[in-house]
Amino acid sequence: MQFPWWVVAFLLVGFVVGGSSGSAGKAGKELGDEHRTYESEYGQPYETEDKEDVDWSTPLADQMTPNYGNYSIKVDNVCTRRRLGDHMCPELFILGVQKGGTSSLWVFLVTSTELKIQTGLNLYEEYAMPKEMHFFDKKSFYAEGVDSYSKHFEVRDGESQLSLDATPAYLRYASVPPLMVSTINMERSRFIVTVRDPVHRGYSWYTHILQRLIRRPRFNQAYQVFDYKFSLMAKYMPKLIDECVQRWMKYPKLVFQHCWHLTDNVRRTGVLVEETGLQTIYPWIPSSIFTDGLYGYMLLHWFRFIRPNSFCIIFYEKLVESFRDEIQHIGPCLKPFGREIVESDAERGLPLVNSIKCKSCESFERLVGKELSKVGRKLNKDLFTRSNDLFRELMQEHFNRTGMANWEDAYAR
C-alpha cells in the first residue's frame, strides 16, 4: 500500500529525531511493547503552562454541570450545521489512552482505502501533527473558537465525509467532556478509547517523559526528586492519589473530577522522598503516570456527559495478540457513518509505529521480570485494583464484554 506523504512523514520522524536505542529500547521488548506508540515532538507541551489547561480562576466543579440529556442542547456552529462548502469538524475521535496504541490505530484508520477517514491539516505546527489537534485540552487553542478548529480539516464537499481527531490526551483531562458537549455534534460523534494494563501503560509513559520531555526544567526537577526511578514514584505517589480517591469514594462518578492530575488535591500535595531527602515538586507530573490509569473512574466521569453507547473501547493487548477479532469492537463507532472493517483491512493487522529512541537514558530504570512484578503488585494494591474492578463492570454493563482477563493476574506471586 502507498501511504499518504503525511503518514510517511509521521513514521519517519522517529528516525530523524531519535538517537541510539539505549536501554529503554530493550526494556520495551521486555514489557511486550512490540507495537510501542510514539508521540510527536511537536505534541502538546504538557503542564509547561498550568493555566493553559484549565481556567483555574473558576472552581473546577463550577465548570462541570453534567446533563445526561445533553443531546437536547442545540449548539449552532460550523460543526453542527455540516454545510457543504464549510470546513468540516471531526465526528470521530480517538480519546486515549496515551501509550495505549493510539498512534498505530490512527495509522490503521487513516490509511484504509475502504474506510476513507480524513485527518487534520496540521495548522497547529508548533504543537501537533495531523493526528493530534489538542483543541479541547489546550485553553489557548479552544479560545480561538470552533471556526478555527474546523479550518484544521478539509472543506466538506459531500454528506458522507468523515474526519478524525486522534488526541489521546483528551481522556486524561476532566475538563474536556463538557467542552465537547458544548461544541461538537453530539448526536453524530463517536469516541474510541484504547486501554492497556495500567502498570505497563504507566511505565511506558514514564519512559516517554525520559525520552522526550525530560529536557524541560519542570519535568527534570519533578523526576530528580525520585532519582528518576519509576519504582520510587510508584512507592510514594499512588498513596497520595488513593487518599483523594478514598475521600470521594462515596461518589464514584465524582472521583476523577476531583482526583485527576491537575486538581488542587494533587497539585498541592507533597511528600518527602526518604531515599533522596527531597520534597516533591510539580507533583502532578509524576502523579499523571498513575491517575491516567484510573480507567473506571475516568469512564464514569465521561459517561456523565456522553452516553456510553457513543463509545467503543478496545484493549491494546488484544489488538497485539488477536487484531482481527479485537478491531471489530470499533465497528459500532464506524457504522453510523456507513463504514465497517472489511476483510482486507483486518488482514493488514496493527501497523508498526516506530518509537522514538532515547538520546540519553542514563537515568532510565529498567524494570523487567520479578522487579516489574513487585512494583506492579504494589501499584495494584495501593491504587489500581478498585478502578480496574469498576472498569470491568462498566465493560460488561455497557459493552457486553465478559471473560476479560484481570490485568492484576500478571503480577501474582
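**A parallel sheet and its helices**

Strand 2 and strand 3 (residues 162–166) pair in the parallel sense over two bridges, where strands are DSSP runs of E with at least two residues, helices are runs of H or I with at least four residues, both numbered from the N terminus, and pairing requires that DSSP finds at least two bridges between two strands. This is a predicted model, in which local features need pLDDT of at least 70 and side-chain atom pairs count only at pLDDT 80 or more, while totals for chains, interfaces and linings use all residues. Residues are numbered from 1 along each chain as its sequence is written, and side-chain values use heavy atoms, with hydrogens and water left out.

Turning to the helices, helix 10 (residues 217–224) packs with helix 14 (residues 284–291) at an angle of about 75°, their axes 8 Å apart; axes are lines fitted to C-alpha atoms, for helices over the stretch in contact, and angles run from 0 to 180 degrees between N-to-C directions. Helix 10 is therefore roughly perpendicular to helix 14, a term that covers angles of 65 to 115 degrees. R218, F219, A222 and Y223 of helix 10 and W284, I285, P286 and I289 of helix 14 make the contact, which means heavy atoms within 4.5 Å.

Technical notes. Angles under 35 degrees count as roughly parallel, over 145 as roughly antiparallel, 65 to 115 as roughly perpendicular and the rest as oblique.
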